[in-house]
Structure formats: C-alpha cells, structure tokens
Amino acid sequence: QLQAKVSELAGQLSTETEARRSASLELQGLQKRHEKAREKLKRVEDASVVELRQQLQDLKGVLYCNICSCRWKNCVITKCFHLFCSECVEANLKDRNRKCPQCNVKFSEADIRMVYLAPK
C-alpha cells in the first residue's frame, strides 16, 4: 500500500513537473511577445514624436516673420497679402524701401494693416 502511494505521488509529481515546464515555456513566449510589442510601441512613439516636431517646425515657419524669424507675423501688406512682423515692415518704411520683402510689389503706409492672431 505504501508502494502504491509512492507511485501515485510520483505520478502527480511528474504531472505537476510537466505542467510547470509547460507554463514556464508559455511564460517565456509571452515575455518575448511582450518585449516585441514594447519595441514596436517605442518605434511608433518615436515616429510620432518626429512627426510632431516636424509639424511644430512647419507651424513656426508659418507664424514667425520671414525677415527676422524671431517675432510673430502681425502685419499684412494688402497689395500682395504677405505677412511680416510690424517692426520689420516699419524698418522697411523708415529706410524708404517700399517694396514687399517677399515679392517686391510696391506698397505705401496705407497698404499696411495689423493682423491679430489669438489662441482660443
């Protein structure tokens, strides 16, 4: 009877050992899948960050003055509808340079209007 009990326990041990080995292999597979998914997510996030930085640069190019590149566009020349900062337009007028810096269309002080861009 003791021999039967030992045999039964040995069978259970073998079954449990096999189940544990199987679970360990499954865990390793899941860990590999998790690591691959994490790497893919990082690549996607990196690509998103690069895309967002490019969009930010593009928007800055639209909003900042083409002459000085340091102030916001807030002034339009109504003859050609090009935008610049008022300081650069005023400097052109002061120097008697009455041509649009971008397209060389002649303009006067009457052709200058302020533009107000405001966030929501």
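Author: Let us begin with contacts, meaning heavy atoms within 4.5 Å. Beyond residues up to four places away in sequence, Leu 117 touches Leu 63 and Lys 73. The model is predicted, so local features need pLDDT of at least 70 and side-chain atom pairs count only at pLDDT 80 or more, whereas totals for chains, interfaces and linings use all residues. Residues are numbered from 1 along each chain as its sequence is written, and side-chain values use heavy atoms, with hydrogens and water left out.

Reader: Where does Leu 117 lie, and is Leu 117 buried or exposed?

Author: Helices (H or I, at least four residues) and strands (E, at least two) are DSSP runs, numbered from the N terminus. Leu 117 lies in the segment after β3. For accessibility, buried means under 20% relative accessible area, exposed over 50%, and partly exposed in between, with a 1.4 Å probe and protein chains only. Leu 117 counts as exposed because its relative accessibility is 52%.

Reader: Which residues make up the largest nonpolar core?

Author: A nonpolar core is a set of buried Ala, Val, Leu, Ile, Met, Phe, Trp, Tyr and Cys residues joined through side-chain atoms within 4.5 Å. The largest one here has 12 residues: Cys 65, Cys 75, Ile 77, Cys 80, Phe 84, Cys 85, Cys 88, Val 89, Leu 93, Cys 100, Phe 107 and Ile 112. The largest share, three residues, comes from α2.

Reader: What does Cys 100 touch?

Author: Not counting residues up to four places away in sequence, Cys 100 touches Ile 77, Cys 80, His 82, Phe 84, Val 105 and Phe 107.

Reader: Which charged side chain is nearest to Asp 111 among those of opposite charge?

Author: Lys and Arg count as positive and Asp and Glu as negative, while His and the chain ends are not counted. A salt bridge is a side-chain nitrogen of Lys or Arg within 4 Å of a carboxyl oxygen of Asp or Glu. Asp 111, in the loop between α2 (86–94) and β3 (112–114), is buried yet has no salt bridge, and the nearest side chain of opposite charge, Lys 79, is 4.2 Å away. The backbone nitrogen of Ser 108 lies 2.9 Å from a polar atom of the side chain of Asp 111. Leaving aside neighbours within four places in sequence, Asp 111 is in contact with Val 76, Ile 77, Thr 78 and Lys 79.

Technical notes: A polar contact is a pair of N or O atoms within 3.5 Å; within protein, one must be able to donate a hydrogen and the other to accept it, and residues adjacent in sequence count only if both atoms are side-chain atoms.
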